[in-house]
Amino acid sequence: MAQVSINSDLGLLNFPAAFSTAGGVAAGITLQMAMLVFIISGLVILAYCSQASNERTYQEVVWAVCGKLTGVLCEVAIATYTFGTCIAFLIIIGDQQDKSEVPPQYPPPSPGGHAVGGKEHGTPAQGLAWARHSSGSSPSWLLGPLDRWRSQQRWRTTPCSSLASPSLLPPCAVIAVMAKEPEGAGSSPWYTDRKFTISLTAFLFILPLSIPREIGFQKYASFLSVVGTWYVTAIVIIKYIWPDKEMTPADILNRPASWIAVFNAMPTICFGFQCHVSSVPVFNSMRRPEVKTWGGVVTAAMVIALAVYMGTGICGFLTFGAAVDPDVLLSYPSEDMAVAVARAFIILSVLTSYPILHFCGRAVVEGLWLRYQGMPVEEDVGRERRRRVLQTLVWFLLTLLLALFIPDIGKVISVIGGLAACFIFVFPGLCLIQAKLSEMEEVKPASWWAMVSYGVLLVTLGAFIFGQTTANAIFVDLLA
């Protein structure tokens, strides 16, 4: 499914950190398995309501079944969700380009030097003095495992502008290092700055793809996302089975610190599995849209997604422990070429996925505007073009500005993950309740009461997850 493949790149990278937040492997697996039942049932409910209302999009189904107020809230939620996802896409680009650069090399050999790991260095005293002079820390080949891990954490947080040896970069960082830094320079040039590389990539590639009225490349974006997802999963699993010698995991949690910690992992899980907004058009595009057949299709799709997420989450968490980065690819060494290819896949997927998510959000904003103004959809083409370009520029510039000053995707996912819970729980639950209440039956059978009760459960659970995760995101992640 297209939306699963689009969201999977972002959700997948954050799943090892979600396992750490939840309190370990057991808690993460239990949480995902419990969520899967509600996720699949929500998709089936939406298909059932789509058939009953004869509507073909998520927001139109909510409008027809639940009424105007709920329909407007649904459209606002979709616009906000796609806006936040676009911000996360741009942050991902900056993360992968930053990590593409490698740490400075050791000093040149000198009399009395020695070889470490097949490379000749100066004497230990010279190497230690050089490393402390340049980075304030000891080189990893002179440290124990714990100090080596701490050194790696400092490298992961080192900005693009403080790194040397750009001549060894993989292809995905070409934009970030268009010219080589002069030897001995005190600071890197402005064109290696993270904010510049994100902005340049966005203006050169994302903006031109976002302006057109139609998007005919969605199938290619879905293909790239699927290939990238499977490749990232394979790399994380392989690196766990055959880890690099310098990769030492931090503390491995075995139980959650509290029940609140478990719920703090919900935004990532909801974000990763949220395909409900696009599920209604996909259901109606089937040759024979039947609810029973649809149930089998979504069950198979969710089981495959579960295998991918669990493989990445478990192996990524066990590889790095509590020290895993919100973007798991940032936890691996910069010079690892297999991981560099994974970063290239992620960047290519993001470059084509951003316009698709923007298109969905822009369509919702356009619908709200036309409905508010009382204007017909069939109007002057020139006015539509001017409005579309203006909407695209405002959307693009706002997401770019926010992406430049938000440090990691974990903070964004913690906010929009609560909205994903609304699409999975709240709106399907409301649709189920309203659909059953509209049935004209004098005597209500037990199945009717069971369906209404399940709808109430979905709405209650979704409202709780949304409130808890959103409050935690605002007061802990954003205001901390």
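Helices here are DSSP runs of at least four residues, numbered from the N terminus. With that in hand, select tryptophan 242, which sits in the loop between helix H8 (218-241) and helix H9 (259-264). The model is a predicted one.

Tryptophan 242 counts as exposed, at 61% relative accessibility. Now select lysine 239 and aspartate 244. Their side chains form a salt bridge, with 4.0 Å from N to O. Lysine 239 is buried at 12% relative accessible area, while aspartate 244 is partly exposed at 22%.

**The whole chain**

Zoom out and show the chain as a cartoon. It contains 16 helices and two strands. Of its 480 residues, 52% count as buried. Switch to a surface view: the accessible surface is about 21700 Å², and carbon and sulfur atoms hold 67% of that. Among contacts with a separation of 6 or more, 80% are between residues 24 or more positions apart.

**The nonpolar core**

Next, select Tyr58, Leu90, Phe273 and Phe425. These are the residues with the most contacts inside the largest nonpolar core, which has 105 residues. Helix H15 (residues 409-437) gives the most to this core, namely 16 residues. Center on phenylalanine 425 and show what touches it. Leaving out residues up to four places away in sequence, the list is Met35, Phe38, Cys270, Leu458, Val459, Leu461, Gly462 and Ile465.

Stay in helix H15 and select glutamine 434. Glutamine 434 is partly exposed, with a relative accessible area of 34%. Beyond its neighbours within four places in sequence, glutamine 434 is in contact with Val65 and Cys66. Valine 65 is 369 residues from glutamine 434 along the chain, yet their C-alpha atoms are separated by 6.4 Å.

**Salt bridges between and within helices**

How many salt bridges does a search of the whole structure find? The number is eight. Select glutamate 75 and arginine 371 to see one of them, with the closest N and O atoms 3.0 Å apart. This pair links distant parts of the chain, since glutamate 75 is in helix H4 (residues 68-99) and arginine 371 is in helix H13 (residues 337-373), 296 residues apart. Glutamate 75 is buried at 4% relative accessibility, whereas arginine 371 is partly exposed at 43%.

Move to helix H14 (residues 381-405) and select glutamate 384 and arginine 388, which lie four residues apart, about one turn of the helix. Their side chains meet in a salt bridge of 3.0 Å, N to O. Glutamate 384 is buried, with a relative accessible area of 12%. Arginine 388 is buried too, at 11%.

**The cysteines**

Finally, select the cysteines and show their sulfur atoms. A disulfide is a covalent bond between the sulfur atoms of two cysteines. A search of the whole structure finds zero disulfides. For cysteine 74, the nearest cysteine sulfur is that of cysteine 431, 7.8 Å away. Cysteine 74 is buried, with a relative accessible area of 0%.

Cysteine 360 is partly exposed, at 32% relative accessible area.

Definitions and conventions. Residues are numbered from 1 along each chain as its sequence is written. This is a predicted model: local features need pLDDT of at least 70, side-chain atom pairs count only at pLDDT 80 or more; totals for chains, interfaces and linings use all residues. Side-chain values use heavy atoms; hydrogens and water are left out. A nonpolar core is a set of buried Ala, Val, Leu, Ile, Met, Phe, Trp, Tyr and Cys residues joined through side-chain atoms within 4.5 Å. Buried means under 20% relative accessible area, exposed over 50%, partly exposed in between (1.4 Å probe, protein chains only). Contact means heavy atoms within 4.5 Å. A disulfide is a pair of cysteine sulfur atoms within 2.5 Å. Accessible areas come from the Shrake-Rupley method with a 1.4 Å probe; for residues, only the protein chains shown count as cover.
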